[in-house]
Amino acid sequence: MEINFKMPVVLSIIIGILGLGLVSMPRNVSASTNYSGTMSVSDTTRKPVTWTLKEGLLTLSGGVMGTPDTNHPQNGQLLMSLVNSTDIKPTGTTLTIQDLAPQIKTVKLTAPIWDGTPNDLANPTYEGADLDYLFANLTAVTHFVGLDYLQTANVATKEGYYRGMAFMFANDTSLVTFTSPKFAVTATTSPRDMSDMFSGDSALLSADLSQLDTHNVSSIYQLFINDTSIRTINLANMASYDAKTTDLFLGDQHLQNLTLSPKVHLTTAQYLLLTVGLSPDMTPTDQSTFTSQQWQAVGNGQVNFVNNDPTQRYLNYNPLGETYSSSVDEKSLVYHYTNDNANIPGNETYVWKPDKPIIAPAFPTTAVNPVTPPTINLAPYYVIATHKIGFYRTPNFTAGSRSHWFVKKPQMKQPTFTILGTATSVNGNPRYRVRDTNRRSMTYGKKGYITAKPAYVTATYDQVAPKKITVIARNGINGYNNATLDHKQVSYSQGTILNVKAVVTSGHVTRFRLANGHYITANKRLITTGKVTIPAQVRVKSGMNRYTNANLTTRNHHYIGKHHQTLKIIGYDYSHGTSTSVSGHLRYRVTGGYITSNPKLVTRLN
């Protein structure tokens, strides 16, 4: 038959074409090989960035990036700097952008890095800093670490040549969440462009730009254009009075949670972008709950997420602020931000208005919105037990199904669990399916069920920023200059009281941003809300011993009671800290070891 006769001819042609292509293709790079190199720079008096790529982690040293390719920046400046590097190892390897892009999962900056524009280090006032497309087309990247090391002060746009920070993270199609550092720009004498900064990031669900400094930026066109999955955008503290901000959210049809600064200046050209409603990611999902198609300020209400993670389900959804239409009229949300915004007192979050208040289930799962790409693996929800609870083999709690009791412990020693899912008992009681993460327990590493009642378990990481916290960790905590906690700046000892400015999300956990600008953990086993005081000194009332550990099992000194010695308290701990069956007692840490806190033996001073 005719079709059978021609098929071999067609196949021959296809094979021939493929054969020609294979001849011209560069040698494939093995994903299992580690690579390293040194970026090529035009100013040889400056230290170039050296790099390594190992098991998906691209590590960049401090120095100057490769000289920008101004003819083809859309290929991605970082990718081009890598393939054009010198001293690439293994020796003889030829790299292409197509080779590298699928291999880079994480980009980590380890020291200050400048772009490769000639003379930008020799002349700090030079306005040609070129960061456009810097991290573009990194199609496999899911995390950026150390972005605050990137030097952005002199970023500017030189007409027909440089674009500033435009398309900086464009087409990073595996990026799910993004939290921006300041990226502060001080250049003011020519346009500074941040347009299309995240365009085409099709997997991006949440972007927090609340730290981004835009005071000297003049163009912010199409910031999130065609980010088809994005649901949550935080533009708190953004200043764009003098910037062009048309079409910020073009094509973002699933946007449902938007935080705006009073200094954000929208234009009526954006009104169509805020008319596509999507019901919150809760169970059950009911579009009829949002028939009004209106935006509503959260105001004095409550709208937040499980673990404070915008990629997870809503924990509460009850906005109580003013409502705004999604059409182009004087009552629209966009119109509300087109004037001088003098009547807007501060940052405000807007969500789709429900027809009646929705109180999300008290025991949410970690399931994600159906629009989330199925390949995304979100981290689970972490909890601690605040009271005595049982660990069971089934959701139906009986003595026969109970594997272990976890006693009530002091906050810094409370049992921890990783939630794997949810279940319900035959009587309708909510349960968490968990993994035991307590190393000294008899069920460590095992899977089972615990109660999901808020009176007994709570999130490991604080979800709301208190005004003050106290460090309770035995060895203190560190303060960092970013939310990823990878650049230590200072240490805070146990008992230190700190002022909190805000809670921020990093990955799937929360951090506290302090009033002094540092970032710290929000783990409740390491910090506690409010002020906690311990005595600065105690006086020995009667004879007692000092021990080398908090369990008071190894004596190393005896205090004679009649001497009534005064001891300086340098910290505290609890006995049986790793035990899940014994609660533990408070011990004072003094020079040389630990003593009891028993008021029959010591008197607290000041």
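Is S493 buried, partly exposed or exposed? S493 counts as partly exposed, with a relative accessibility of 48%. More on that residue in the third view.

Before the close-ups, a word on the model. This is a predicted model, where local features need pLDDT of at least 70, side-chain atom pairs count only at pLDDT 80 or more, and totals for chains, interfaces and linings use all residues. Residues are numbered from 1 along each chain as its sequence is written, and side-chain values use heavy atoms, with hydrogens and water left out.

**View 1. The whole protein, for orientation.** The protein has four helices and 39 strands; these are DSSP runs numbered from the N terminus, helices being H or I with at least four residues and strands E with at least two. Of its 606 residues, 51% are buried, where buried means under 20% relative accessible area, exposed over 50%, and partly exposed in between (1.4 Å probe, protein chains only). The accessible surface comes to about 27600 Å², and carbon and sulfur atoms account for 52% of that; the areas come from the Shrake-Rupley method with a 1.4 Å probe, and for residues only the protein chains shown count as cover. Take the contacts (heavy atoms within 4.5 Å) between residues at least 6 apart in sequence: 68% of them join residues at least 24 apart.

**View 2. An open sheet of three strands.** The strand order is β35-β32-β39, and the pairing is antiparallel; two strands pair if DSSP finds at least two bridges between them. At the edges sit β35 (566-568) and β39 (602-605), each pairing on one side only. On average, neighbouring strands here are turned by 30° against each other, direction ignored; axes are lines fitted to C-alpha atoms, for helices over the stretch in contact, and angles run from 0 to 180 degrees between N-to-C directions. Zoom in on β32 (residues 537-540) and you'll find three bridges linking this strand to β35 in the antiparallel sense. Q537 stands opposite K568 of β35.

**View 3. S493 in its loop.** S493 belongs to the loop between β27 (488-492) and β28 (497-506). Leaving out residues up to four places away in sequence, S493 touches V471 and G476. N478 is 15 residues away along the chain, and its C-alpha atom is 8.5 Å from that of S493.

**View 4. T443, another loop residue.** T443 lies in the loop between β22 (430-436) and β23 (447-451). T443 is buried, because its relative accessible area is 2%. Not counting residues up to four places away in sequence, T443 touches F391, S403, H404, F406 and D436.
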